[in-house]
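Open the model in your viewer and keep the selection tool at hand. This tour tells you what to select next and what is there.

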Amino acid sequence: MNCLEFRRVVLEEPQQLSPALAEHKQQCKECLRYYTQLQEQEALLMEALAVPVPDDLAAKIMLQCSFDQTSDQEVTETEPTIVPLKSKSKTFRQFIGGFAVAASVMMGVVFWQAHLNSEQQQLTEMFVQHMEHEAHSLVLEEPIPVGRVGFTLNNVGIKAMAELANVTYAANCVIEDKMVAHLVVKTDKGPVTVLLMPHKQFGDEFAEEAKQWQVALNNMKQGSVAFIGPKSLNMEPIQQQVMQSVDVLQI
């Protein structure tokens with residue numbers, strides 16, 4: 001069983017965990033974290049739906065209904081014509097209906113947030129896997145020529161507006177069938193991988209963690225750029241430097 005299948009099944013039946021699912025959960029730390037977050041969201045949803053009800057609510061409803069029936073009979077005896085009354089039981093039904101709508105909206109928000117989180121985690125894992133697949137790029141120490149960086153960026157329609165300092169690796173790769181510019185920037189606390197993807201827009205910006213890495217996704221004028229670096233590193237200066245130093249020329 002792979003991670004994608006595990007997450008698909010537990011998202012459909014979060015309370016049902018087969019032996020195969022349980023085994024995968026124990027072996028995969030990322031899926032264990034995903035499952036734990038899913039359980040926490042389920043608990044919040046159940047808490048939101050668990051509205052406290054007074055013990056004598058049923059008796060009060062029955063009593064109110066009997067009053068309404070009596071009122072209806074009195075009206076019928078004194079007024080032969082039908083007179084519309086604003087029934088309190090109708091108000092109660094309206095309250096129940098409103099609560100059901102609110103609960104449905106809340107469930108929709110919770111499950112949409114779970115969907116977004118799942119999508120961002122999948123993107124995070126994809127970027128980390130791509131970086132680890134080219135792990136040799138992380139051990140390079142010497143900065144490469146500026147021309148090499150510019151050539152790599154130009155191949156994907158990006159122009160360097162300013163020199164990117166301490167770039168030790170630059171190459172063109174393919175992510176989801178689109179060519180990207182793959183750079184590595186050296187810092188005092190470790191290398192930061194930068195994936196510039198002008199042909200791919202991944203939606204909302206986010207920051208996630210996977211294994212010993214942190215991943216941040218930013219949107220460019222056109223397309224997206226992903227930063228992957230050690231958890232202990234403040235990546236914000238690198239993000240600002242890159243975002244201010246490049247411009248997308250064409251799509």
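Start at K211, which is partly exposed, with a relative accessible area of 46%. Buried means under 20% relative accessible area, exposed over 50%, and partly exposed in between, using a 1.4 Å probe and protein chains only. K211 sits in the loop between β5 and β6. Its phi is near 55 degrees, a positive value in a residue other than glycine. Most residues other than glycine have a negative phi.

Before moving on, note what you are looking at. This is a predicted model, where local features need pLDDT of at least 70 and side-chain atom pairs count only at pLDDT 80 or more, while totals for chains, interfaces and linings use all residues. Residues are numbered from 1 along each chain as its sequence is written, and side-chain values use heavy atoms, leaving out hydrogens and water.

**Second stop: another loop**

Select D177, in the loop between β2 and β3. D177 counts as exposed, at 74% relative accessibility. Its phi is positive too, near 65 degrees.

**Third stop: the whole protein**

Zoom out. The protein has seven helices and eight strands. Helices (H or I, at least four residues) and strands (E, at least two) are DSSP runs, numbered from the N terminus. Of the 251 residues, 37% are buried. The protein exposes about 15,400 Å², and carbon and sulfur atoms supply 57% of that. These areas come from the Shrake-Rupley method with a 1.4 Å probe; for residues, only the protein chains shown count as cover. Now think about contacts, meaning heavy atoms within 4.5 Å. Among contacts between residues at least 6 apart in sequence, 56% join residues at least 24 apart.

Colour the strands. Six of them form an open sheet in the order β2-β3-β4-β7-β6-β5, with antiparallel pairing. Two strands pair if DSSP finds at least two bridges between them. Which strands stand at the edges? They are β2 (167–175) and β5 (206–210). Each has a single partner strand, so one side of each is left without a neighbour in the sheet. The twist averages 20 degrees from one strand to the next.

Select β3 (178–185) and β4 (192–197). Five bridges join these antiparallel strands. Find L183: it stands opposite V194 in β4.

Axes here are lines fitted to C-alpha atoms, for helices over the stretch in contact, and angles run from 0 to 180 degrees between N-to-C directions.

Next, show helix α7 (236–245). It lies across β3, β4, β6 (213–219) and β7 (224–230). It runs at about 150 degrees to β7.

Select α1 (3–12) and α2 (19–27). They pack at an angle of about 125 degrees, with their axes 11 Å apart. That makes α1 oblique to α2. Angles under 35 degrees count as roughly parallel, over 145 as roughly antiparallel, 65 to 115 as roughly perpendicular, and the rest as oblique. Show the side chains: C3, F6, V9 and V10 in α1 meet L21, H24 and K25 in α2.

**Last stop: Q121**

Select Q121, in helix α5 (88–133). Is Q121 buried or exposed? Q121 is buried, with a relative accessible area of 5%. Leaving aside residues up to four places away in sequence, Q121 touches R7, Y34, Q37 and E208.
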